[in-house]
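Thank you all for coming; I would like to walk you slowly through one structure this morning.

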Amino acid sequence: MWLSRTSNRWLHVTGAVSGIVAVGATVAAVGGLAGADAWSLAGSLGLVTLVVLACASVQARVTEKGLEVAFGPLGRPTRRWPADAIASARVENRTAMQVGGWGYRLNGLGTTVMLRGGECLVIRTVKGKDFAVSVDDAERGAALLNSLIGRRAK
């Protein structure tokens, strides 16, 4: 088994700030200090807070079952790839500029979860699609996945 976690402190700060403003807008609306726009602001920023915090940290785990990538502080949502759905695994150095920014990105490189620049665990599925996640010690995760794939081939 291999486990690695990464989080982005700036996304945590952004989520916290938007959450504080959402709470302030809610208090102002409940207290009658602001109009109906405060409810709209509170709801919008509440949603932003949840989305940003869900994307602010990631955990990648490799077991004999395959790869599991869990998002956010509660590990939800989770994406899973069984070992027999993975064709290969490798490590690539990627930057936020290459993948289109921070967070969950879809682009020409495939799908990337980019929370910090540098080492990424990249898998190629048997369908030919790439998925990458920026985590520490990605080399060990890729090696373990490749050994699982090699065992399956025998």
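Predicted model: local features only at pLDDT ≥ 70, side-chain atom pairs only at ≥ 80, totals over all residues.

Residues are numbered from 1 along each chain as its sequence is written, and side-chain values use heavy atoms, with hydrogens and water left out.

Let me start with the overall layout. The protein has four helices and nine strands, where helices (H or I, at least four residues) and strands (E, at least two) are DSSP runs numbered from the N terminus. Read from the N terminus on, the order of elements is β-α-α-β-β-β-β-α-β-β-β-β-α. The C-alpha atoms fill a box of roughly 70 × 30 × 25 Å along the principal axes. The radius of gyration is 19 Å, whereas a compact globule of 154 residues would come near 15 Å; this radius is taken over C-alpha atoms, and the globule rule is 2.2 Å times the number of residues to the power 0.38. Of the 154 residues, 42% count as buried, and here buried means under 20% relative accessible area, exposed means over 50%, and partly exposed lies in between, with a 1.4 Å probe and protein chains only.

Now to helix α1. How far apart are the end C-alpha atoms of α1? They are 31 Å apart, which agrees with the 32 Å that its 22 residues, 9–30, should span at 1.5 Å a residue; the expected span is 1.5 Å times one less than the number of residues. Just after α1, Gly32 takes a positive phi of about 75 degrees.

The next topic is the nonpolar core, meaning a set of buried Ala, Val, Leu, Ile, Met, Phe, Trp, Tyr and Cys residues joined through side-chain atoms within 4.5 Å. The largest such core has 25 residues, and those with the most contacts inside it are Leu67, Leu121, Val133 and Leu145. Its largest share, five residues, comes from α4. Leu145 touches Val62, Gly66, Leu67, Ile86, Ala89, Leu121 and Ile123, not counting residues up to four places away in sequence, and contact here means heavy atoms within 4.5 Å. A second, separate core of six residues includes Ala96, Met114, Cys120 and Val122.

Helix α4 also holds Asn146, which counts as partly exposed because its relative accessibility is 32%. The side chain of Asn146 reaches the backbone oxygen of Ala89 at 2.8 Å.

Is Arg80 buried or exposed? Arg80, found in strand β4, counts as exposed because its relative accessibility is 55%. The side chains of Arg80 and Glu68 are joined by a polar contact of 3.0 Å. Thr111, in strand β7, counts as buried because its relative accessibility is 13%.

Finally, two backbone details deserve a look. Most residues other than glycine have a negative phi, and most peptide bonds are trans. Arg76 and Pro77, however, are joined by a cis peptide bond with omega of about -5 degrees, and Pro77 lies in the loop between β3 and β4. Asp137, in the loop between β9 and α4, has a positive phi of about 60 degrees although it is not a glycine.

Methods
Polar contact = N/O pair within 3.5 Å; in protein donor to acceptor, adjacent residues only side chain to side chain.
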